[in-house]
Amino acid sequence: MAPSAILLPLMAFDEACRLVVEYLKREVPLAFWSVSRYEDGKQVYVYVRDDAYGHAIGGSLAWSDSFCQHMVTGAAPRIAPDATSVPEYTATSESRGVTVGAYAGVPIRGADGALYGTICGLDPRVASQDLVEQAPLLFLFASLLGQILQAEHLRAEAVDREAKLHWSAFHDDLTGLPNRAMFFDCVAHALKTGGLDTPPAAVLLIDLDEFKAVNDTLGHAAGDEVLALAAHRLQRVVGPGDLVARLSGDEFAVLLEGASDPALVAARLVAALAEPFLVEQRPLMISASIGVVELAPDEQILGAEDTLAHADIAMYAAKRAGKSRYAVYEPCMSLPGTRTLQLREPLRQALARGGIQAYYQPIVDLPSGEPVAFEALARWHHDGRQVAPDDFIPIATRSGLMPDLTDRMLDLACALAAAWSAELGHCDLRVCVNVSPRSIGDPGLSDRVAHHLQRHGLAPGQLALEITEDALLYNLPTAIAVARRLRELGVVLSLDDFGAGYSSMLHLRQIPLESIKIDRAFTGDIDTNPRSEHFLQALLTLGHDLGLRVIVEGVERRTQMQVLRRIGATFAQGYLFSRPVPPEEVRLGNDVAPALRRYHPGPPGPDRR
């Protein structure tokens with residue numbers, strides 16, 4: 001048999017060691033052959049055939065007493081037909097009180113060069129010089145064993161990686177709890193297997209009250225600590241057969257399967273979460289509202305999504321009743337926009353699969369009527385019809401999906417702006433993307449924006465982010481820091497719906513704004529009410545005096561546009577010019593250079609890249 005033929009590519013290492021030793025024992029006449037590994041300062045025998053020294057598989061001796069130590073360091077030859085002539089081997093033989101006349105050995109190393117162990121042959125008698133000719137064979141075996149070791153290592157890594165990926169697919173990284181996917185699977189299984197002979201299961205949907213205040217005042221690290229502590233408390237309350245999951249953000253869920261009383265468990269959970277949380281050496285009070293749905297076997301079978309929607313309705317009933325309590329779902333319960341609760345999971349899937357599209361509405365230069373920028377607006381078609389943004393954007397906000405929605409809109413808008421720049425030959429046409437009040441207080445927003453700018457190669461000033469006045473009420477210090485970082489990236493900030501929120505002039509002064517958009521509430525009757533016209537003119541003057549570009553929203557009639565031109569407005573947006581349209585229907589304009597010079601300070605053209 002050829003030496004390499006005894007080693008199969010995917011052979012287990014221990015079996016390969018056995019075949020190597022048996023082959024050497026048969027073909028190379030030494031009394032002792034072994035494959036050993038180096039472990040914790042010892043030479044441990046993986047496989048051994050010994051007719052002279054009494055060693056057995058699994059036996060070991062101190063590495064300092066081994067003959068192989070000299071071969072590995074290079075202090076002694078790897079093959080010594082007459083080991084009595086090698087001082088190192090002679091000294092070890094005398095110290096151990098054993099007779100060694102011949103020695104043959106080679107190291108086994110892993111792919112990284114680290115020593116795994118050795119192949120070793122010994123004999124009490126001096127061997128012939130023919131032993132030296134076995135060196136290539138020993139090196140071949142050592143190499144093959146090293147390759148098998150590497151293959152086993154890679155297989156073990158692959159198994160470990162697959163296990164981690166499987167775990168991550170069904171668990172929440174922060175709390176270690178099952179995630180939404182696993183919870184939905186378990187609810188679906190409970191609905192499918194429940195029957196008259198089994199106790200009814202129940203679903204409890206838990207939302208932490210006032211959790212947002214923790215993130216806003218203490219930061220996301222403190223918020224994460226609260227979530228982890230809350231998860232631990234939930235697990236302590238429920239029974240060993242019940243499932244606790246984190247669905248998203250500050251939303252948890254429990255699946256009770258067995259004899260547990262859902263109302264009693266819900267009351268205990270409310271009490272457990274009402275206890276102070278000790279975070280950063282300070283006690284924090286955070287209550288919870290819980291919605292309960294009992295899956296009775298005699299009721300019509302619901303799907304997992306409908307079950308969670310009912311639990312959501314009950315949870316909102318608990319919040320309306322004063323929070324820090326639970327409510328059990330009843331069919332008579334209703335909630336404004338109840339249907340939108342059923343859109344949460346489809347919305348999550350739409351974001352994951354690229355189902356959210358961007359429509360574009362122009363910002364127009366009033367003197368010329370040409371577009372100078374386009375606002376990107378999220379649109380979602382679900383089940384054959386368009387879902388209103390007023391329906392799905394609040395769901396995205398409450399379900400923790402707003403970062404994903406913002407990233408989707410940034411990616412679409414930046415990609416289209418890059419395409420327009422290539423088509424027009426300049427980088428002066430701007431795209432505007434709305435960001436939520438919570439997003440502008442997210443320290444990670446600037447890094448995500450920088451990623452999209454770099455990915456699509458946008459020039460400074462090509463991207464504007466529109467924020468609303470209430471964004472300044474969440475976490476002003478963080479909002480200021482994020483805004484300044486965005487300005488360093490060349491991103492323009494615009495205050496949307498100006499006049500409809502609650503910000504103070506002091507707050508506005510601290511944010512590096514480039515423009516404001518006057519809310520449509522001030523535009524509706526400017527062509528019929530002189531008082532409204534005068535008020536709007538005052539807002540225009542205020543914006544101009546502050547050095548801000550002013551855009552008037554909600555222009556739907558020509559008479560409104562005529563008034564705006566008369567009172568000195570330069571830029572406007574509204575259905576009069578265009579409804580939001582998909583990218584392929586956008587009209588870029590013919591001669592936009594004069595309009596762009598009014599909209600962009602400084603020289604236009606490709607040199608702005």
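At 71% relative accessibility, D40 counts as exposed in this predicted model, where exposed denotes a relative accessible area over 50%, buried one under 20%, and partly exposed the range in between (1.4 Å probe, protein chains only). D40 also has a positive phi of about 50°, although it is not a glycine. Most residues other than glycine have a negative phi. The residue is located in the loop between β1 (32-39) and β2 (42-50); strands (E, at least two residues) and helices (H or I, at least four) are DSSP runs numbered from the N terminus. Q281 is likewise a residue other than glycine with a positive phi, near 65°. It lies in the loop between β10 (277-279) and β11 (282-284) and is exposed, its relative accessible area being 73%.

Residue numbers start from 1 along each chain as its sequence is written. Because the model is predicted, local features require pLDDT of at least 70 and side-chain atom pairs count only at pLDDT 80 or more, while totals for chains, interfaces and linings use all residues, and side-chain values rest on heavy atoms, with hydrogens and water left out.

Five strands form an open sheet in the order β8-β9-β7-β12-β13, with mixed pairing; two strands are taken to pair if DSSP finds at least two bridges between them. From one strand to the next, the twist averages 20°, with axes given by lines fitted to C-alpha atoms and angles running from 0 to 180 degrees between N-to-C directions. Within this order, β7 (residues 201-208) and β12 (residues 288-295) are antiparallel and share eight bridges. V203 has V293 of β12 as its bridge partner.

A further set of pairings involves β21 (residues 549-552). In a regular strand the side chains alternate between the two faces of the sheet. In β21, R549 and I551 point one way and V550 and V552 the other, and all are buried. Strand β20 (residues 515-518) pairs with β21 in the parallel sense over four bridges, and K517 has I551 as its bridge partner in β21. The chain passes from β20 to β21 through helix α18 (residues 530-545) in a right-handed β-α-β crossover, a term applied if, with the strands pointing away from the viewer, the path from the first strand over the helix to the second runs clockwise. Parallel pairing over two bridges also joins β21 to β22 (residues 571-572), where V552 stands opposite A572.
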